[in-house]
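Biologist: I'm new to this one. Can you put it up and walk me through it?

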2 protein chains.
Amino acid sequence: MSTTDPPRGRGRPRRAEADAEILDAALAMLRAGGYRELSLDEVARRAGTAKSSIYRRWPSKAALAAEIVRRDVPPPDGDLVHAFDALLNGPMGGVVASLIGEAQESAETRAIILDLLAPYRLAGDDLLGGILFRRLLGQ
Amino acid sequence: MSTTDPPRGRGRPRRAEADAEILDAALAMLRAGGYRELSLDEVARRAGTAKSSIYRRWPSKAALAAEIVRRDVPPPDGDLVHAFDALLNGPMGGVVASLIGEAQESAETRAIILDLLAPYRLAGDDLLGGILFRRLLGQ
């Protein structure tokens, strides 16, 4: 629940509250164990909601994770290369790497990560490539 | 058993022959359906061998796939950037992309792909990065 929502009782939509709890639970799981440990069953359990409530809004684990990255990382402006570096090597960098990994086997996840990275790609793939290479294959 | 082992009976060492059939079967499966469709159960069936014979030599599906890439793609020499482009955008490019993807969740696969790509990385990650970016995220 964000502080700008109207108070419940006189009318905060229950669905918005459920969404906030889903996002909170998923963020905590991503921070603790990364993308691999994110489980929609466990998110539903922690948020006290049905799994169908998650799927109503996010069609997949990848879609939910991408929204969390988007909320957690400020949108890039100015120096896109620097912003891409901050994204990939910041707290959500592992989630982004996992989504790129999953995208190699899933067209749906590919569409999600393409959408997430689109603003950065204005810098040009050649300028971002070295950052990606080191993040995915660094030792 | 390597091919330099003494021949068994009058003939070709049976283990070397089994290895060749495993590699042939796995190559055919990779060509037909990519990494995702490669199944060690099916490789064993087609090669007429036990799955344990595969594991004796290749500890994982990733290790077997990497050996096939290595056999299928000439080792890089001269222009490493060109060779990396040929690797990623050639017939085995999808397999390499899948291995990089799997490496995001598996330390074992990460070691395998790092080993496979090590010769190319002498060119420098910045020069190879754009090729990688487009291969993993191209539309």
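Modeller: Start with B:S98. Not counting residues up to four places away in sequence, B:S98 touches A:Q104, A:E105 and B:Y35. Contact means heavy atoms within 4.5 Å.

Biologist: Where is B:S98 placed?

Modeller: B:S98 sits in helix α6 of chain B, residues 93-103. Helices are DSSP runs (H or I, at least four residues), numbered from the N terminus.

Biologist: Is B:S98 buried or exposed?

Modeller: B:S98 is buried, at 6% relative accessibility. Buried means under 20% relative accessible area, exposed over 50%, partly exposed in between (1.4 Å probe, protein chains only).

Biologist: What should I know about the model itself?

Modeller: This is a predicted model: local features need pLDDT of at least 70, side-chain atom pairs count only at pLDDT 80 or more, and totals for chains, interfaces and linings use all residues. Residues are numbered from 1 along each chain as its sequence is written, chains are lettered from A and ligands numbered from 1 in the order in which they are written, and side-chain values use heavy atoms, with hydrogens and water left out.

Biologist: Back to the two chains. How many residues of each are in contact?

Modeller: 27 residues of chain B are in contact with 27 residues of chain A. In chain B, B:E105, B:F133 and B:L137 lose the most area to chain A, together 28% of what that side buries.

Biologist: How much do the chains bury between them?

Modeller: About 2,500 Å², 57% of it on carbon and sulfur atoms. Buried area is the accessible area (1.4 Å probe) that two parts lose on being put together, summed over both.

Biologist: How many salt bridges are there between chain B and chain A?

Modeller: Four. A salt bridge is a side-chain nitrogen of Lys or Arg within 4 Å of a carboxyl oxygen of Asp or Glu. A:R36 forms one with B:E105, the closest N and O atoms being 3.9 Å apart.

Biologist: What rotation superposes chain B on chain A?

Modeller: 180°, with 0.0 Å of shift along the axis and an RMSD of 0.1 Å. That is the relation of a two-fold axis.

Biologist: New topic. Where is the kink in α1(A) centred?

Modeller: On A:R31, and the kink is about 90°. The bend at a residue is the angle between axes fitted to the seven residues ending there and the seven starting there.

Notes
Helix = DSSP H or I, 4+ residues; strand = E, 2+ residues; numbered from the N terminus. Least-squares fit on C-alpha atoms with pLDDT ≥ 70 in both.
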